[in-house]
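Please view the sequence and the model before reading on.

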Amino acid sequence: MFGSSLTLFRVYGVDIKVDLSWAFIALLIAWSLASGYFPAAHEGLPRATYWAMGLVAVIGIFISIVVHELAHSAVARSFGIRMDRITLFMFGGAAEMGGEPPNAQAEFWMALAGPLASVAVAIILFLIVALIGSEVNQPIGIILRYLAMLNLVLAAFNLLPAFPLDGGRILRSIIWGVRGNFAEATRIATTVGAGFGFILALFGLVQILSGRIGDGLWIMLIGFFIRTAALASRFDSDAKGVLSGDPVSKFMTTAPVVVAPDLAVSDFVENVVYRTRHDAYPVVGQDGTVHGMLAVGAIADLDRAHWADTPVRSLMTAVTPDMSIEPGADASDALDRMRRAQVSRLLVLENGRLIGLLTLKDLLETLTLVIQLGDVRRKQG
């Protein structure tokens with residue numbers, strides 16, 4: 001879902017990250033508030049004050065979204081689910097879990113926790129505004145009222161029954177509880193979410209044709225986002241259903257192309273890259289121990305004059321635990337690990353030695369074949 005992102009800090013072991021798309025939208029919101037909303041709410045202030053109010057409001061929005069997502073994380077942890085990171089992006093935020101909810105009850109309370117936290121924040125802000133009293137029309141009061149209303153809107157929007165919004169997850173939990181089938185509940189919820197996104201995008205188009213171009217574009221973008229995210233969630237669920245129960249060894253490449261750590265970059269390019277045409281290679285010693293991974297792109301920054309006297313180990317990157325897996329591990333777990341580590345391949349290690357390579361391409365090709373044969377639902381049971 002995300003592009004380039006920056007880790008800002010950690011809260012209770014959860015990385016808080018910001019996608020570059022959120023940074024762009026934050027500036028746009030600050031500009032909109034400083035040039036339109038705040039001047040209309042309180043006339044006569046210096047332009048610099050309006051910009052300061054806009055920037056403070058954006059910080060408040062950031063905190064509101066983080067609180068919303070941390071509420072999901074706190075409830076998830078109470079059910080034994082690890083939370084890896086929270087990422088803020090153009091349309092809000094997402095808490096990335098280390099696994100699926102164990103039951104429908106856990107799914108329900110995890111989904112509901114975010115909107116409840118947003119409502120709680122709104123109530124607290126409204127109480128602060130009430131305590132301010134006569135200062136309510138001053139900059140601080142205007143900002144607090146804006147953030148209070150925004151948190152109510154955030155809660156209401158997320159409660160829409162459109163997966164993967166919180167309301168869609170609540171819908172899935174109810175269907176899951178009634179039908180007793182997680183895969184079926186996911187199919188229904190994601191279908192509803194995709195349909196809702198399409199209707200929202202269509203409504204945005206109508207707004208554009210009626211002359212409300214700005215509002216219409218936003219509605220269309222949100223609709224397309226919801227539809228795309230719902231379809232991606234459906235695909236992810238199908239993938240896990242297909243791969244679950246099969247070991248990594250069934251899909252891995254058993255004889256991956258490897259390079260020795262002392263191999264010169266020039267020999268690596270001429271004898272390995274141009275012949276095999278992969279974008280990354282495991283760097284492995286004679287005893288089978290993995291020293292690291294070498295991305296072909298890393299060579300671009302090296303002066304060609306030094307290719308002959310530079311060993312590949314000087315350009316390789318270290319292999320973290322998330323970049324490797326055991327041959328007997330479940331293939332669906334491998335897919336989760338790739339997503340968490342944001343990598344497209346995993347080294348398959350047995351007793352610390354490389355015995356294979358598992359790529360995202362291998363898994364997706366298998367999934368495509370199963371879907372073409374119409375076998376997804378049968379395998380999911």
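A residue counts as buried when its relative accessible area is under 20%, as exposed when that area is over 50%, and as partly exposed in between. The structure described here is a predicted model.

## Overall form

The protein chain contains 381 residues, and buried residues account for 45% of them. Its secondary structure consists of 11 helices and nine strands. Taken along the principal axes, the box filled by the C-alpha atoms is roughly 75 × 60 × 45 Å.

Contacts between residues at least 6 apart in sequence were also examined; of these, 60% join residues at least 24 apart.

## Surface and charge

The accessible surface of the protein chain amounts to about 19,300 Å². Carbon and sulfur atoms contribute 63% of that surface.

The charged side chains of the protein chain comprise 29 positive and 32 negative ones. The centres of these two sets lie 5 Å apart.

## Aromatic pairs

A pair of aromatic rings is described by the distance of the centres and the angle of the planes. Six aromatic pairs are present in the structure. One of them joins tyrosine 37 and phenylalanine 38, with 5.4 Å from centre to centre and 70° between the planes. This pair is edge-to-face, because the angle of 70° lies over the limit of 60 degrees. Tyrosine 37 has a relative accessible area of 42% and is therefore partly exposed, whereas phenylalanine 38, at 0% relative accessibility, is buried.

Tryptophan 176 and phenylalanine 182 form another edge-to-face pair, with a centre-to-centre distance of 4.7 Å and an angle of 65° between the planes. Tryptophan 176 has a relative accessible area of 12%, so this residue counts as buried. Phenylalanine 182 has a relative accessible area of 21% and is therefore partly exposed. Ring pairs also link Tyr37, Phe38 and Tyr146 into a cluster.

## A three-stranded sheet

Three strands make up an open sheet with mixed pairing, in the order E7-E8-E9. Strand E7 (324-325) and strand E9 (353-359) are the edge strands, each pairing on one side only.

Strand E8, which covers residues 345-350, pairs with E9 in the antiparallel sense, and six bridges connect the two. Arginine 345 has threonine 359, in E9, as its bridge partner.

Note on methods:
Residues numbered from 1 in each chain as written. Predicted model: local features only at pLDDT ≥ 70, side-chain atom pairs only at ≥ 80, totals over all residues. Heavy atoms only, no water. Helix = DSSP H or I, 4+ residues; strand = E, 2+ residues; numbered from the N terminus. Buried < 20%, exposed > 50% of the residue type's maximum accessible area, 1.4 Å probe, protein only. Contact = heavy atoms within 4.5 Å. Areas by Shrake-Rupley, 256 points an atom, 1.4 Å probe, with all protein chains shown as cover. Lys, Arg positive; Asp, Glu negative; His and termini not counted. Charge placed at Lys NZ, Arg CZ, Asp CG, Glu CD. Phe/Tyr/Trp six-rings, centres within 6.5 Å; stacked < 30°, edge-to-face > 60°. Pairing = 2+ DSSP bridges.
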